[in-house]
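Thanks for asking me to look this over. Here are my notes, in the order in which I would go through them with you.

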Amino acid sequence: MTCEEMLKALNDVIDDQSALALCTEFADHLAGCNPCQLVVDNIRKTIQLYKDEQPYPMPEAFQDRFRDAHKAKWKVKFPHAEV
Amino acid sequence: MAVLPTTHYEASAADDYLPLLRRAQTGDFAAFESLVGQLQGRVYGVAYRILGHVQDAEDVVQQTFLSVIEHIDGFRGESAVATWVLRIATNFALKSLRKKRGLPTVSLDTVDESFADVPHPQYIAHWRESADSRLDRSELRELLDRAIAELDDKYRVVFVLRDIEEMSTEETAEALGLSISNVKVRLLRARMQLRERLTRELGDDATRVEPDHRH
């Protein structure tokens, strides 16, 4: 396997933990190719950083308006429901 | 109003939101509000990351949950509740994006892309120890926001749905009206561009290696 082929298969290596075990070509290439090892490691860390980001807080004033709009819509959708 | 695509994917066996949605379908507003409370942060996050603008993201959140109310009867559990809601949000975000860009259609360009065109990595290095703690939280967020904002729209949307919201490739393809192979190529492009950008900021120059394209 070449670096070029590895590049095309990167998603599989990143997304599927079993890919390296199932495909010896991936594993053999990575074992002998420091640049590809680093690229895989960098991508995993990149994804993890985004996943670990704190949720964006929604502005409180917006939440109030938001709730009022839901109530109004709910009353139309379910005219007999308690809101 | 967003077009609500049908789906053929099975809902997760452990869909924590399904009981709330079922109660909401009977007119239970408290159940609906609880559902909103649990999902609004994710909806806002998806909208903000796609649009990069607070007011636009708020509009998408509003439109999404109003659309959920309108179409709540039609939810049959063919996909997970969160996936369904995020798909609606994505449709509204795409519509907003197209409006901002002055384009007429909602869907992103669906022209097939090839793995052959994916840019090769240039700056390759270990990240510094505790790279993420080197920056304070707001600096790190700024860096991540800037890097994702620099992505082309069509790559950013795929990255947000696949890697941040953990939708499957199939769900992402369906939500965006793309082929599965296109989702894979765009995801790889997004990952490679973000990797390049973040490694230039967080990489340890002493460990830099030259890409070896000979093998």
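1. A word on terms before we start: two residues count as in contact if their C-beta atoms, placed from the backbone, lie within 7 Å. Please also keep in mind that this is a predicted model. With that in hand, what covers the buried residues of helix 1 of chain B? The cover includes helix 2 and helix 4 (81-101) of chain B.

2. The buried residues themselves are B:Leu20, B:Leu21 and B:Ala24 in helix 1 of chain B. They span an arc of only 95° around the axis, so they sit on the same side of helix 1 of chain B.

3. Now for the packing of this helix. Two packed helices are described by the angle between their axes and the distance between the axes. Helix 1 (residues 18-25) of chain B packs against helix 2 (residues 29-51) of chain B at an angle of about 140°, and their axes are 7 Å apart. The crossing of helix 1 and helix 2 of chain B is left-handed. From helix 1 of chain B, the contact is made by B:Leu20, B:Leu21, B:Arg23 and B:Ala24, while helix 2 of chain B brings B:Ala31, B:Phe32, B:Ser34 and B:Leu35. Sorted by class, this contact has six nonpolar residues, one polar and one charged.

4. Have a look at the backbone just after helix 1 of chain B, too: B:Gly27 takes a positive phi of about 105° there.

5. Stepping back, chain B is divided into domain 1 (18-101) and domain 2 (115-207). Taken over C-alpha atoms, the centres of domain 1 and domain 2 of chain B are separated by 24 Å. Ten residues of domain 1 of chain B and twelve residues of domain 2 of chain B take part in the contact. On the domain 1 side, helix 2 and helix 4 of chain B are the elements that give two or more residues, and helix 4 of chain B gives the most, with five residues. That side of domain 1 of chain B divides into four nonpolar, three polar and three charged residues.

6. Last, the chain pair. Here 33 residues of chain A are in contact with 42 residues of chain B. Which helix of chain A gives the most to the side that touches chain B? Helix 5 of chain A does, with twelve residues. Helix 1 (3-8), helix 2 (10-15), helix 5 (34-52) and helix 6 (60-77) of chain A each supply at least two residues of that side. By class, the side of chain A that touches chain B has 20 nonpolar, six polar and seven charged residues.

Technical notes. Residues numbered from 1 in each chain as written. Chains lettered and ligands numbered in written order. Predicted model: local features only at pLDDT ≥ 70, side-chain atom pairs only at ≥ 80, totals over all residues. Axes fitted to C-alpha atoms, helices over the stretch in contact; angles between N-to-C directions. Helix = DSSP H or I, 4+ residues; strand = E, 2+ residues; numbered from the N terminus. Left-handed = near helix turned anticlockwise from the far one by under 90°. Nonpolar A, V, L, I, M, F, W, Y, C, P; charged D, E, K, R; others polar. Buried ≥ 20, exposed ≤ 12 C-beta atoms within 10 Å, placed from the backbone. Arc of directions from axis to C-beta. Domains from an automatic or database assignment.
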